[in-house]
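User: I'm new to this one and would like to learn how to read it. Could you walk me through it feature by feature?

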Amino acid sequence: MSLGDLERFVSALRLDPDLQRDFAPLRHDLDAAVQWAGERGFQFTREEAEQWASSGELSDDDLEDAAGGAWGDPPPPGSGP
C-alpha cells in the first residue's frame, strides 16, 4: 500500500483512454475504485486515497478529469489533419 501507487494510478488514468473508460463508472464509489485499481496492480487503501485527496494532491475535479470527465468537445468533422 502506497501513496506512490496512488500517484502512478492517477498518472495512468490521465494517459490511458481505455483505463479512463473502464474507470469512469467507478469514480463516485471510492471503495469500488480502490478495489478496481488493486486488481490492476495499484495497491493503495481507501484511507490513503482520502488523505491524498484532502491534501490537495487530487481534487474531485482532478479525478473526474482523469476518468474522462473533462477532455473537451471533439473537433468538428473535417477539421482534423
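Analyst: Helices (H or I, at least four residues) and strands (E, at least two) are DSSP runs, numbered from the N terminus. Keep in mind that this is a predicted model, where local features need pLDDT of at least 70 and side-chain atom pairs count only at pLDDT 80 or more, while totals for chains, interfaces and linings use all residues. Residues are numbered from 1 along each chain as its sequence is written, and side-chain values use heavy atoms, with hydrogens and water left out.

User: How many helices and strands does the chain have?

Analyst: There are five helices and zero strands.

User: At what angle do the axes of helix 1 and helix 4 cross?

Analyst: For angles, under 35 degrees counts as roughly parallel, over 145 as roughly antiparallel, 65 to 115 as roughly perpendicular and the rest as oblique. Here helix 1 (residues 3-15) and helix 4 (residues 46-54) cross at roughly 70°, their axes coming within 10 Å. So helix 1 is roughly perpendicular to helix 4.

User: Which residues meet there?

Analyst: Contact means heavy atoms within 4.5 Å. From helix 1 you have Leu3, Leu6, Glu7 and Val10, and they meet Glu48, Ala49 and Trp52 of helix 4.

User: And how do helix 3 and helix 4 pack?

Analyst: Their axes are 9 Å apart, at an angle of about 110°. That makes helix 3 roughly perpendicular to helix 4 as well. Leu30, Asp31 and Val34 of helix 3 make the contact with Arg46, Ala49 and Glu50 of helix 4.

User: What about aromatic pairs: how many are there?

Analyst: Rings of Phe, Tyr and Trp (its six-membered ring) pair if their centres lie within 6.5 Å; planes under 30 degrees apart count as stacked, over 60 as edge-to-face and the rest as tilted. By this rule there are five aromatic pairs. One of them, Phe9 with Phe44, is tilted, at 5.6 Å centre to centre and 45° between the planes. Phe9 sits in helix 1 and Phe44 in the loop between helix 3 (30-39) and helix 4, so the pair links distant parts of the chain, 35 residues apart.

User: Which residues form the aromatic cluster?

Analyst: Phe9, Phe23, Trp36, Phe42 and Phe44 form one cluster.

User: Are Phe9 and Phe44 buried or exposed?

Analyst: Buried means under 20% relative accessible area, exposed over 50%, partly exposed in between (1.4 Å probe, protein chains only). Both Phe9 and Phe44 are buried. Across the chain, 30% of the 81 residues count as buried.

Key. Axes are lines fitted to C-alpha atoms, for helices over the stretch in contact, and angles run from 0 to 180 degrees between N-to-C directions.
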